[in-house]
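I opened a model today and kept notes on what I looked up. The entries are in the order in which I made them.

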Amino acid sequence: MPGKINIDVKKVAELARLEFKEDELKVFSPQFENILEYISQIDELDLNNVEPMSSPLQSSQRFRDDKHINNGLTRDEVLSNAPKAKDGFFVVPKVIE
């Protein structure tokens with residue numbers, strides 16, 4: 001199983017765009033194996049009637065009153081700081097072909 005874990009650590013590292021040296025893999029592999037064992041324990045539980053939650057604490061958001069509200073900047077003021085603008089919009093390099 002240790003060989004399999006090394007492959008999993010390498011795959012997870014690749015997906016996360018991380019690089020590890022072989023000696024680092026020897027350190028991370030047992031840790032990764034422990035994490036996988038823990039996840040397998042959770043997989044064995046019947047969680048059908050458990051509601052999802054975003055926090056283990058029962059609290060609500062505390063909002064404060066907005067003070068010193070202003071109307072913000074105009075479009076022209078915002079675009080005046082842009083390196084490039086056209087027709088009221090920011091011009092950015094094309095990233096999708």
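My entries on the structure follow.

**Ground rules.** I noted that this is a predicted model, in which local features need pLDDT of at least 70, side-chain atom pairs count only at pLDDT 80 or more, and totals for chains, interfaces and linings use all residues. Residues are numbered from 1 along each chain as its sequence is written, and side-chain values use heavy atoms, with hydrogens and water left out.

**Overall layout.** I looked up the elements and found three helices and two strands in the protein. Helices (H or I, at least four residues) and strands (E, at least two) are DSSP runs, numbered from the N terminus. Along the sequence the pattern reads α-α-α-β-β. The radius of gyration is 25 Å, well over the 13 Å that the globule rule gives for 97 residues, so the protein is more spread out than a compact globule. I wrote down the terms: the radius is taken over C-alpha atoms, and the rule is 2.2 Å times the number of residues to the power 0.38. The C-alpha trace spans about 60 × 40 × 25 Å along the principal axes.

I then asked what share of the 97 residues is buried. Buried residues make up 9% of them. Here buried means under 20% relative accessible area, exposed over 50%, and partly exposed in between (1.4 Å probe, protein chains only). The protein exposes about 10000 Å², and carbon and sulfur atoms supply 54% of that area. Accessible areas come from the Shrake-Rupley method with a 1.4 Å probe; for residues, only the protein chains shown count as cover. I also recorded 13 positive and 18 negative side chains, with the centres of the two sets 9 Å apart. Lys and Arg count as positive and Asp and Glu as negative, while His and the chain ends are not counted. Each charge is placed at NZ of Lys, CZ of Arg, CG of Asp or CD of Glu.

**Helix α2.** This helix covers residues 22-43, which makes 22 residues. From its first C-alpha to its last it reaches 30 Å, close to the 32 Å expected at 1.5 Å a residue. The expected span is 1.5 Å times one less than the number of residues. Where does α2 have a kink? I found one of about 30° at Phe28, shortly before the proline Pro30. The bend at a residue is the angle between axes fitted to the seven residues ending there and the seven starting there. The buried residues of α2 are Leu25, Ser29 and Phe32. Asp43 also lies in α2, but Asp43 is exposed, with a relative accessible area of 61%. Asp43 and Asn70 are 27 residues apart in sequence, and their C-alpha atoms are 51 Å apart in space.

**Loops with a positive phi.** Arg17 lies in the loop between α1 (2-15) and α2. Arg17 has a positive phi of about 60° although it is not a glycine. Arg17 is exposed, at 77% relative accessible area. Asp87 is in the loop between β1 and β2 (89-90). The phi of Asp87 is near 55°, a positive value in a residue other than glycine. With 65% relative accessibility, Asp87 counts as exposed.

Gly72 and Ile39 are 33 residues apart along the chain, and 48 Å separates their C-alpha atoms. Pro83 sits in the loop between α3 and β1, and Pro83 is exposed at 85%. Pro83 and Pro93 are ten residues apart in sequence and 11 Å apart in space, C-alpha to C-alpha. Lys86 lies in strand β1 (residues 85-86) and is exposed, with a relative accessible area of 56%. From Lys86 to Ser55 I noted 31 residues in sequence and 44 Å in space, C-alpha to C-alpha.
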